[in-house]
Amino acid sequence: MPTNAAGAFRFTTLKPGPVPAPGGGTQAPHVNVIIFMRGMLKHLRTRLYFPDESANATDPVLSSVPAERRGTLIAKPRANGALEWNVVLQGRDETVFFDY
């Protein structure tokens, strides 16, 4: 999905359900996100989690992230049921990226 001139993007989706976790158990509902752009040799992989999702507390991937950085993966509720999630590529509040 391309971004606009300000770097913003928007999409509409149905909230996914929980998915099986490797080794048993389940993962919280999430959207896998891959980021790539001109000049970036390696794609960045991250996840978008949903706020107020009880399964976030036991999700094995989210639990592997230091508590102070988990917020970079969880969208924030906005008006009319919309969610906001910002990707920060570097610096303070950098989004957590995964090597999978």
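How do the residues of the lining of the largest pocket divide into nonpolar, polar and charged?

1. The lining of the largest pocket holds 20 nonpolar, eight polar and four charged residues. Here Ala, Val, Leu, Ile, Met, Phe, Trp, Tyr, Cys and Pro count as nonpolar, Asp, Glu, Lys and Arg as charged, and the others, Gly among them, as polar.

2. On the source: this is a predicted model, in which local features need pLDDT of at least 70 and side-chain atom pairs count only at pLDDT 80 or more, while totals for chains, interfaces and linings use all residues. Residues are numbered from 1 along each chain as its sequence is written, and side-chain values use heavy atoms, with hydrogens and water left out.

3. The chain has one helix and six strands, in the order β-β-β-β-α-β-β along the sequence. Both kinds of element are DSSP runs numbered from the N terminus: helices are H or I with at least four residues, strands E with at least two.

4. For 100 residues, a compact globule would have a radius of gyration near 13 Å, and the 14 Å of the chain agrees with this. The radius is taken over C-alpha atoms, and the globule rule is 2.2 Å times the number of residues to the power 0.38. The C-alpha trace spans about 40 × 35 × 25 Å along its principal axes. Of the 100 residues, 28% count as buried (under 20% relative accessible area; exposed is over 50%, partly exposed in between; 1.4 Å probe, protein chains only). Among contacts (heavy atoms within 4.5 Å) between residues at least 6 apart in sequence, 41% join residues at least 24 apart.

5. The largest pocket has a volume of about 1200 Å³. Of its 32 lining residues, Met1, Phe9, Arg10, Phe11 and Trp85 are the closest to its centre. Strand S3 (30–35) and strand S6 (83–84) are the elements that give two or more residues to this lining, and S3 gives the most, with five. A pocket is an open set of points on a 1 Å grid over the protein atoms alone, where a 1.4 Å probe fits, with protein on both sides within 12 Å along at least five of seven lines; lining residues have an atom within 4 Å of a point. Grid points are joined across faces, edges and corners, and the volume is the space filled by probe spheres set on the points.

6. Thr72 sits in the loop between helix H1 (60–63) and strand S5 (76–77). Thr72 counts as buried because its relative accessible area is 14%. Its side chain reaches the backbone oxygen of Arg69 at 2.9 Å. Leaving out residues up to four places away in sequence, Thr72 touches Trp85, Asp93, Glu94, Thr95 and Val96.

7. Asp93, one of those partners of Thr72, is in the segment after S6. Most residues other than glycine have a negative phi. Asp93 has a positive phi of about 65 degrees, and at 49% relative accessibility counts as partly exposed.

8. The loop between strand S4 (44–49) and H1 holds Asp52, which also has a positive phi, of about 55 degrees. Is Asp52 buried or exposed? At 79% relative accessibility, Asp52 counts as exposed. Asn56 lies in the loop between S4 and H1 but is buried, at 11%. Beyond its neighbours within four places in sequence, Asn56 is in contact with Ala28, Tyr49, Phe50, Leu62 and Ile74.

Conventions. A polar contact is a pair of N or O atoms within 3.5 Å; within protein, one must be able to donate a hydrogen and the other to accept it, and residues adjacent in sequence count only if both atoms are side-chain atoms.
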